[in-house]
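Hi,

Here's the structure I promised to pass along.

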Amino acid sequence: PGEASPERTERRPAKWSPGWLWAHTDASYLAVFRIVWGLIMLYEMATYRMSAYQKVRACWYNTSLLFKFAGFEWVEAPSMLTMKMIVLVLIIAAACVTLGFLYRVASVTFAIGFAYLFLLDQTLYLNHFYLVVVMSFMLVILPCNCLWSVDAWLFPGIAGAAPTAPRWCLLLVRAELVIVYGFAGIVKLNEDWLRAEPLRQWLTQEQTYPGIKWLVARESTAYIMSYGGLIYDLAVGPMLLSRRWRSLGVLLTATFHFVNKLVFNIGIFPWMMVASTMFFFKPSMPRAVLCHAPFLNVDPLGRPPASIPSMSFWKYAVLVFMALFLVQQAVTPLRNMAYEGDVAWNEDGHMFSWRMKLRSKLCDITVATLQEDSDGELHLDEVNLKDHYSGRQIRKLVSRPDMIAQMGRHLQRVHQSKTSGNMTVEVYAEVWCELNGRPYQRFVKPQHDLGKEELWQSPYPWIEQLQPLPDVLKRDYPWNFEWNFNWLERDPLYSAPFEDMLDRGGRAQAMVDRAWEFWESLVASR
């Protein structure tokens, strides 16, 4: 009498304590996510083999320069044969991840291999490719092969086969996804997005959504999508974390990403984000659903033990590493606050910050080299960028200061190699851009020799500041509307008329003429 039973003396770990984070939960969510994620990655990598590796050639081999990321200038493309082998290895690795076969080796191989492809050329940067890199390295440490995998069947001891996994596995991915969604919403609180730009411009494109253009190409649709996307990104993280609102959050997520896929066709990103909602349900949800399928023979799992697991130095080290990783993910998107100006214009801190679909920059560029021949005569020559870079690279580099600086250095080296002796070659560029429907203005100062400009010195002194938003465009804010039925007359959006295209062409030609007048005066002054 008076002695407590073993059940009563068993203590539960305090919530958010190290022991609680290491306490085990059902691992069926990890197994199902591994399968779905692996299939998505398998599809993505298979697209590189289609049409005799046409995508591979277009990405890395139809150019004389691959634009680098800061700190990764050493990453170079291999021969075409080696690249084909890398793609094949990544396809096999994605298949092994899906099956859970040699999972650790396959996940490490895929993470390093995809990161290598990602770092080869900055012009290929996409937020969802960055997310693939981040998630792939996260999967390296997650025990996704502990259940329903070939490893758990063949090597149960090595694979750590078990129906449960530590709770931090679930919370780590949840935290990362909340960071992604949170910043995707915060960055939409800018003066362009709140006036439905750039969505208004994109929804007028004739070649897009041929069957539903009557519904999509409307000004009201642009505002609904802009403000709907803003509210969704800000609210979906808390909704998915809330038991009461989770089902609605999942429904909105599926709808949001389906619409994005339909309207913008943004690759695998929608499928990745819909699949990731698995981490916000109860860990046992996949098992609870699948155990009712008789042909799968899935055993129901009782409640995992709630006892406090023994802690060790390495377990504490894992938690510290996870905390530092999440801090880095939360701080990196804030770095643009250290720079002056609009990040959509100067690009300072744009990458790795979950700034998705926020800008449309239409830019025109003309480039010239100035060099002295053996007789001391100066020659000013126009550079045709198509002779050096692919069409995709040109479209990207004209609006990205980092890439413009690399272009200047590269053209200087190319033309310098064609001269005799120690004669110097100077590289100049004139760039004008239109950002999110704002007035056309100068982007790059034409008097700076880009051939000798330092790389990675943001903010670049040769980038012009963005002009303030004109008052006439401030009328596009909903709170400045005249709330009557006049908006019905302008609700349908139409592609720019031919006259507007001629006007833009005329402005571009005037930009080129002014640039050459300036450079010719520069030559004359010497």
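Predicted model: local features only at pLDDT ≥ 70, side-chain atom pairs only at ≥ 80, totals over all residues.

**Aromatic pairs**

A search of the whole structure turns up 27 aromatic pairs. One of them is tyrosine 130 with tryptophan 354, which are stacked at 4.9 Å centre to centre, with 25° between the planes. Tyrosine 130 belongs to helix 7 (residues 127-141), while tryptophan 354 is in the loop between helix 18 (343-346) and strand 3 (361-372), so this pair ties together parts that are 224 residues apart in sequence. Tyrosine 130 and tryptophan 354 are both buried.

Another pair is edge-to-face: tyrosine 181 and tyrosine 232, with 5.8 Å centre to centre and 90° between the planes. Here helix 10 (residues 167-186) supplies tyrosine 181 and helix 13 (residues 219-241) supplies tyrosine 232, so the parts tied together are 51 residues apart in sequence. Tyrosine 181 has 4% relative accessibility, so it counts as buried. Tyrosine 232 is buried too, at a relative accessible area of 7%.

**Charges over rings**

I've got two of these for you. Lysine 55 lies over the face of tyrosine 48, 4.1 Å from the ring centre. Arginine 507 has its charged end over the ring of tyrosine 440, at 4.8 Å from the centre.

**Helix 7 again**

So how does helix 7 sit against helix 15 (residues 269-276)? Their axes come within 10 Å and cross at roughly 45°, and therefore the two helices are oblique to each other. The crossing of helix 7 past helix 15 is left-handed. On the helix 7 side, the residues that meet helix 15 are His128, Leu131 and Val132; their counterparts in helix 15 are Phe269, Met272 and Met273.

**Valine 398**

Last one. Valine 398 is in the loop between helix 19 (391-397) and helix 20 (401-416). Is valine 398 buried or exposed? Buried, with a relative accessible area of 6%. Leaving aside residues up to four places away in sequence, valine 398 touches Cys363, Ile365, Ile404, Val431, Cys433 and Phe443. From valine 398 to arginine 514 is 18 Å in space, C-alpha to C-alpha, and 116 residues in sequence.

That's the lot from me.

Cheers

Terms used: Residues numbered from 1 in each chain as written. Heavy atoms only, no water. Phe/Tyr/Trp six-rings, centres within 6.5 Å; stacked < 30°, edge-to-face > 60°. Helix = DSSP H or I, 4+ residues; strand = E, 2+ residues; numbered from the N terminus. Buried < 20%, exposed > 50% of the residue type's maximum accessible area, 1.4 Å probe, protein only. Lys NZ or Arg CZ within 6 Å of the ring centre and 35° of its normal. Axes fitted to C-alpha atoms, helices over the stretch in contact; angles between N-to-C directions. Parallel < 35°, antiparallel > 145°, perpendicular 65-115°, else oblique. Left-handed = near helix turned anticlockwise from the far one by under 90°. Contact = heavy atoms within 4.5 Å.
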